[in-house]
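I opened my notebook to record what I looked up in this structure. My entries follow, one topic at a time.

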Amino acid sequence: MAKNKNGSGFSRRKFLKGVGVGTGALSAGLLSPAETLSHAGGALAFGTPQGPGAVPITLHINGQAHRLSVEPRVTLLDALRMDLEITGAKRVCDRGTCGACSMLLDGKVIYGCSMLAIDAQGHEITTVEGLSHNGRPHPLMTAFVAHDGQQCGFCTPGFIVASKAFLDRTPHPTREQVNHGLGGNLCRCGTYHGIREAVLDVGNPTGKAKTGGQAHGAL
Amino acid sequence: MQAFDYARPHSLAEALKLLSTDRDAAVVLAGGTDLLSLMKDNVIAPKRLVSLKSIEELHRVEHNAHGLRLGALVTLDTLSTHPVIAQHYPGLAEAALGVSSPQIRNMGTVGGDLCQRPRCWYFRGGYGLLALDQGKALVPDGDNRYHAILGNHGPAYFVNPSSLAPILMALDAKVRVQGPKTSREVPVAEFFRTPTSATEYENVVAANEIVTEVLIPAPAAGSHQAVYEVRQKEALDWPLAAAAVHVHLAGNKVTTARIVLGHVAPTPWRAEAAEQMLVGKAVNEDVATAVGRAAVMGASPLSRNAYKVQLARVAVKRALLRATGQLAVPKA
């Protein structure tokens with residue numbers, strides 16, 4: 001979405017941001033080098049309150065450190081989407097219910113909408129963008145496509161990330177485990193069947209768990 | 001969300017200094033799953049958040065022969081996966097797993113579960129704990145399908161939202177509350193209260209105090225415990241009714257019993273008549289049914305929530321059957 005086909009660097013997203021009234025003027029690109037360097041490597045804990053205006057912070061996302069300046073009230077999700085243009089995680093309910101904003105924090109799946117960006121410092125954050133390697137899709141992505149695990153696709157990045165965290169802990173799940181393990185994500189199109197099959201497929205490549213509704217995978 | 005300033009102190013002492021006796025001035029931030037929603041909806045608009053996450057001691061799980069000590073920042077995920085908790089406090093692990101979103105379990109904390117605000121739609125809509133619109137109570141003429149069926153004679157009708165409180169109360173747990181000068185241990189049974197005026201809060205933690213840990217005595221030999229929750233869907237949702245049961249058995253006879261209902265009253269609701277009925281008996285399905293019925297004696301449904309009486313009754317019955325191994329407990 002962010003890259004225009006003609007390579008002009010102009011994107012729909014940047015255009016929409018540009019015309020927005022009251023859009024925050026401070027974004028990562030506008031920080032002066034002095035401003036970022038003076039706070040780099042600072043201790044995470046501090047007894048002196050910061051804000052309510054914009055505060056320089058550092059986030060570690062998909063293996064890269066990003067310095068940006070946000071008000072303490074900005075959520076991790078909004079910092080990623082609005083300030084860093086890492087838009088894989090989606091903003092839907094913004095109340096920790098739908099799972100579209102799912103991302104990994106030190107390998108554990110969380111809701112990016114329910115954590116403050118400033119409070120996420122010191123953690124390794126992984127979004128759906130961070131699951132591909134060298135342009136190759138993660139096996140879950142391939143499986144979602146193969147099993148028709150998406151319709152409108154808006155919940156898909158969250159489901160992929162939640163599925164990754166689930167399989168990391170439960171490598172060979174049963175159908176029931178998948179149901180429970182992905183209980184934090186919603187799909188309004190109702191593609192649950194395809195999602196379930198995709199996750200079972202990646203977790204049980206020999207196809208054992210797919211043959212019935214009962215537990216097959218090794219526990 | 002209104003703007004606020006943010007601090008992330010290293011120590012409890014530092015954190016306490018950043019708080020105030022005024023709830024609008026500063027609020028403690030733990031997992032944030034409830035707090036940020038309240039702030040986005042402008043139910044509250046504190047001027048400062050004090051993040052507790054850099055205070056090492058609040059993350060600790062300690063256990064010995066005397067019991068279990070859970071730091072306030074221990075996550076629900078840790079409760080549901082910790083081998084010691086699974087072995088000795090299985091009801092607690094089940095209760096944590098009942099929060100059926102891995103994301104919430106990874107973020108949500110023990111202290112946060114206890115201190116989360118009621119889900120009452122009037123409260124969330126800005127009408128306060130007593131659901132007052134310009135002094136007029138909204139509940140008597142309202143749609144009360146999710147409101148209290150017990151302890152609901154007014155002026156509060158919301159239900160306690162905690163997933164852990166019923167089982168913690170059944171296990172005789174205490175909550176350590178640290179103030180600026182002293183700390184105190186509050187039994188979970190006394191931690192919550194039903195507000196009687198619009199200025200009262202639903203628990204005993206003052207604005208300048210912090211919940212630091214939960215202390216659970218080691219269950220004696222013969223202890224059996226379980227929870228049962230009834231939700232509209234299997235996935236993420238708050239229960240409509242829940243029950244926690246903790247019994248001790250000698251042979252097959254119950255010697256002591258604790259039965260606590262959740263999501264049916266403004267506080268976790270201890271069913272003492274049902275407990276007394278259970279003592280001395282061997283648990284079977286008939287006994288469990290009768291105990292479930294006794295647990296909801298005195299329920300007084302509001303409009304559209306009589307169905308919760310049945311749900312609570314069945315929750316007690318099934319928690320009791322689970323605790324005594326007569327009904328399977330789902331695994332993670």
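**Charges over rings.** I began with the rule: a charge sits over a ring if NZ of Lys or CZ of Arg is within 6 Å of the ring centre and within 35 degrees of the ring normal. I found A:Lys90 over the face of A:Phe154, 5.8 Å from the ring centre. In chain B, the charged end of B:Arg23 sits over the ring of B:Tyr201, at 3.4 Å from its centre.

**Ground rules.** I noted that this is a predicted model, where local features need pLDDT of at least 70, side-chain atom pairs count only at pLDDT 80 or more, and totals for chains, interfaces and linings use all residues. Residues are numbered from 1 along each chain as its sequence is written, chains are lettered from A and ligands numbered from 1 in the order in which they are written, and side-chain values use heavy atoms, with hydrogens and water left out.

**Aromatic pairs.** Rings of Phe, Tyr and Trp (its six-membered ring) pair if their centres lie within 6.5 Å; planes under 30 degrees apart count as stacked, over 60 as edge-to-face and the rest as tilted. I counted three such pairs over all chains. One of them is A:Phe159 with A:Tyr192, edge-to-face, 6.2 Å centre to centre and 70° between the planes. A:Phe159 lies in helix α5 and A:Tyr192 in helix α7 of chain A, so the pair ties together parts that are 33 residues apart in sequence. Helices here are DSSP runs (H or I, at least four residues), and strands are too (E, at least two), numbered from the N terminus.

Buried or exposed? I checked A:Phe159. It counts as buried, at 1% relative accessibility. A:Tyr192 is partly exposed, at 32%. The cut-offs are under 20% for buried, over 50% for exposed, and partly exposed in between (1.4 Å probe, protein chains only).

**Where the chains meet.** I looked up contact, meaning heavy atoms within 4.5 Å. By that rule, 39 residues of chain A touch 41 residues of chain B. I found five salt bridges across this interface. Each is a side-chain nitrogen of Lys or Arg within 4 Å of a carboxyl oxygen of Asp or Glu. I also noted a salt bridge between the side chains of B:Asp77 and A:Arg169, at 2.8 Å, N to O.

**A buried serine.** A:Ser114 is found in the loop between β5 and β6 of chain A. It is buried, with a relative accessible area of 2%. Leaving aside neighbours within four places in sequence, I listed its contacts, among them A:Arg95, B:Gly31 and B:Met107.
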